Amino acid sequence: MRGEPSCPRCGGRVRAPGLFTDTWQCDAHGTVHPLQPVVPPSVEALGVAVARAEVPVWLPWPLPVGWLFTGIAHVGDDRVGARATAVACSGPGPLGGPGELLLIAEELGVGLGARYAGLPGPDPGGSILTSNPPDAKVMAAGRPTALWHVADAPDDRAVFVGEARGLWLWAIVWPERSGLLMYDELVLTDLREAGAELDLLPCGALSPRLLK
């Protein structure tokens, strides 16, 4: 499953660096880092993405009971490394039925998290009020991390966003009622620090959420 790099904000085609510019260009959004084609989930594919990442690669670890790793996407190229990562996992929702979770780490202005969240982007902006108490907390690389619920996201998903390691951390859950998962104080590991544990990661089928 291969394709061409695309714009992380809209999914449109991008032009590679060439004679007149040393950056990737989207007709709608100008200079962007390219979203690389998504490949089927495997420990090997995850290892390649982790090795390229300049930002965290977040995953609940250990995974909730019955959950599987279902894919990774990354934004960037061989020259700059990955400037955003999106990790998908799927399993039984807290209220029954299937649930899906995307965890995105990204630099300011990349726009991948806002795209998956269904927001105009590229960043949360006025969608969250950090002056208010956070709605949920996770442990990210051993540090308590506050997340705010994004009320104006589409009704089919629950969106939370905060900051970890100086970068945006997005948690997007389908369906919306499975957002209860985020109130269980998930423990997130940066897979760049995971080492041999990656070999034990259970993999499932590719999440279609990564392809939208």
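I started with arginine 165, which counts as partly exposed because its relative accessibility is 41%. My cut-offs: buried is under 20% relative accessible area, exposed is over 50%, and partly exposed is in between, with a 1.4 Å probe and protein chains only. This is a predicted model, so I note the limits: local features need pLDDT of at least 70, side-chain atom pairs count only at pLDDT 80 or more, and totals for chains, interfaces and linings use all residues. Residues are numbered from 1 along each chain as its sequence is written, and side-chain values use heavy atoms, with hydrogens and water left out.

**Salt bridges**

Which residue does arginine 165 form a salt bridge with? The partner is aspartate 190, and the closest N and O atoms are 2.8 Å apart. (For a salt bridge I need a side-chain nitrogen of Lys or Arg within 4 Å of a carboxyl oxygen of Asp or Glu.) The two come from distant parts of the chain, 25 residues apart: arginine 165 is in the loop between β10 (158-164) and β11, and aspartate 190 is in strand β12. I took helices (H or I, at least four residues) and strands (E, at least two) as DSSP runs, numbered from the N terminus. Aspartate 190 is buried, since its relative accessible area is 0%. I also found that salt bridges with shared partners join Arg165, Asp190, Arg192 and Glu193 into one network.

Searching the whole structure gave me eight salt bridges. One of them pairs aspartate 27 with arginine 15, with 2.4 Å between the closest N and O atoms. This pair also links distant parts of the chain, twelve residues apart: aspartate 27 sits in the loop between β2 (24-26) and β3 (30-32), arginine 15 in strand β1 (residues 14-15). Aspartate 27 is exposed at a relative accessible area of 67%, and arginine 15 is partly exposed at 46%.

I then checked arginine 209, whose side chain meets that of glutamate 100 in a salt bridge (3.1 Å, N to O). Arginine 209 lies in the segment after β12 and glutamate 100 in strand β7 (residues 98-106), so this pair ties together parts that are 109 residues apart in sequence. Buried or exposed? Both arginine 209 and glutamate 100 are buried.

**Helix α2**

Arginine 115 is in helix α2 (residues 112-117). Leaving aside neighbours within four places in sequence, arginine 115 is in contact (heavy atoms within 4.5 Å) with Cys7, Pro8, Arg9, Cys10, Gly11, Leu35 and Lys212.

Tyrosine 116 is found in helix α2 too. At 3% relative accessibility, tyrosine 116 counts as buried. Not counting residues up to four places away in sequence, tyrosine 116 touches, among others, Ala73, Leu102, Ile104, Trp174 and Arg209.

**Cysteines**

How many disulfides does a search of the whole structure find? Zero, with a disulfide taken as a pair of cysteine sulfur atoms within 2.5 Å. For cysteine 89, the nearest cysteine sulfur is that of cysteine 203, 12 Å away. Cysteine 203 is likewise in no disulfide. Cysteine 89 is buried, with a relative accessible area of 1%, whereas cysteine 203 is partly exposed at 33%.

**Glycine 204**

Glycine 204 has its place in the segment after β12. I have glycine 204 as partly exposed, at a relative accessible area of 22%. Apart from neighbours within four places in sequence, its contacts are Pro41, Leu68, Phe69 and Thr70. Glycine 204 and leucine 95 are 21 Å apart, C-alpha to C-alpha, and 109 residues apart in sequence.

**Surface patch**

Leu95, Leu180 and Tyr183 make a nonpolar surface patch of about 300 Å². Patch residues have over 30% relative accessible area and no salt bridge; like charges are joined within 9 Å, nonpolar side chains (Val, Leu, Ile, Met, Phe, Trp, Tyr) within 5 Å. Areas come from the Shrake-Rupley method with a 1.4 Å probe, and for residues only the protein chains shown count as cover. Leucine 180 is in the loop between β11 (167-174) and β12 (187-190), and counts as partly exposed at 39% relative accessibility.
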